[in-house]
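This note comments on helix packing and charged side-chain pairs. Please read the points below alongside the model.

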Amino acid sequence: MKVLFEKSQIETRIKEIGVQILNRHKEESNPIVLIGVLNGGFMFYSKLVDQLALLDPQCDFIRVKSYKGREHEVPEIIIPTSISLKNKHVYIIDDIYDTGLTMQALIHQFSDLGASGVSVVTLIKRSINEVDMPLGSLYGFEIHDEWVVGYGMDDEEGRKRSLPHILAI
């Protein structure tokens with residue numbers, strides 16, 4: 001295993017992403033909605049929510065299953081959001097932007113629920129995607145084709161989520 005990103009690098013980048021989102025919405029009165037994608041995005045989501053406290057965002061979680069082991073499957077939304085998204089800007093917060101198919105499905109669903117805009121924010125982005133990241137999306141770090149664990153992301157056995165850094169395995 002090789003450390004790709006240390007805890008200090010991750011926390012610095014999350015602060016930078018937080019500032020970008022704050023600057024986008026500091027003049028708005030309509031709340032933004034932060035939707036964390038479980039399970040992998042929980043640590044990133046938690047740290048990012050801390051950075052956005054001045055905006056007093058509405059927060060919720062969904063669970064999307066798109067992997068079985070290392071094999072990508074058709075995205076299945078298991079826990080739908082419980083917040084009204086009508087006329088609100090939604091940020092989907094997840095661990096990794098991989099193929100883009102899961103995010104594409106979520107963007108369509110949230111747009112259909114009346115969101116005024118939907119942006120994707122991920123800690124990691126793969127350099128090659130089937131679907132490009134939407135305009136206005138943010139990510140922390142770019143990787144190639146490594147399988148990564150740590151900082152919320154697990155291995156095939158559901159372990160390594162609690163590591164404070166990101167490793168390639």
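1. Buried means under 20% relative accessible area, exposed over 50%, and partly exposed in between (1.4 Å probe, protein chains only). By this rule Arg-161 is buried at 19%, whereas Asp-154 is partly exposed at 23%. The two side chains form a salt bridge, 3.0 Å from N to O; the term denotes a side-chain nitrogen of Lys or Arg within 4 Å of a carboxyl oxygen of Asp or Glu.

2. The model is predicted: local features need pLDDT of at least 70, side-chain atom pairs count only at pLDDT 80 or more, and totals for chains, interfaces and linings use all residues. Residues are numbered from 1 along each chain as its sequence is written, and side-chain values use heavy atoms, without hydrogens and water.

3. The structure holds five salt bridges. One of them joins Arg-126 and Asp-98 at 2.7 Å, N to O. This pair links distant parts of the chain, 28 residues apart: Arg-126 lies in strand β6 (residues 117–126) and Asp-98 in the loop between β5 (89–97) and α3 (101–112). Arg-126 is buried at 7% relative accessible area, and Asp-98 is buried at 14%.

4. Glu-11 pairs with Lys-7, the closest N and O atoms being 4.0 Å apart. Both residues lie in helix α1, four residues apart. Glu-11 is partly exposed at 29%, as is Lys-7 at 42%.

5. Glu-11 is also among the α1 residues that meet α2, where the partners include Phe-44 and Lys-47; contact means heavy atoms within 4.5 Å.

Definitions and conventions: Helix = DSSP H or I, 4+ residues; strand = E, 2+ residues; numbered from the N terminus.
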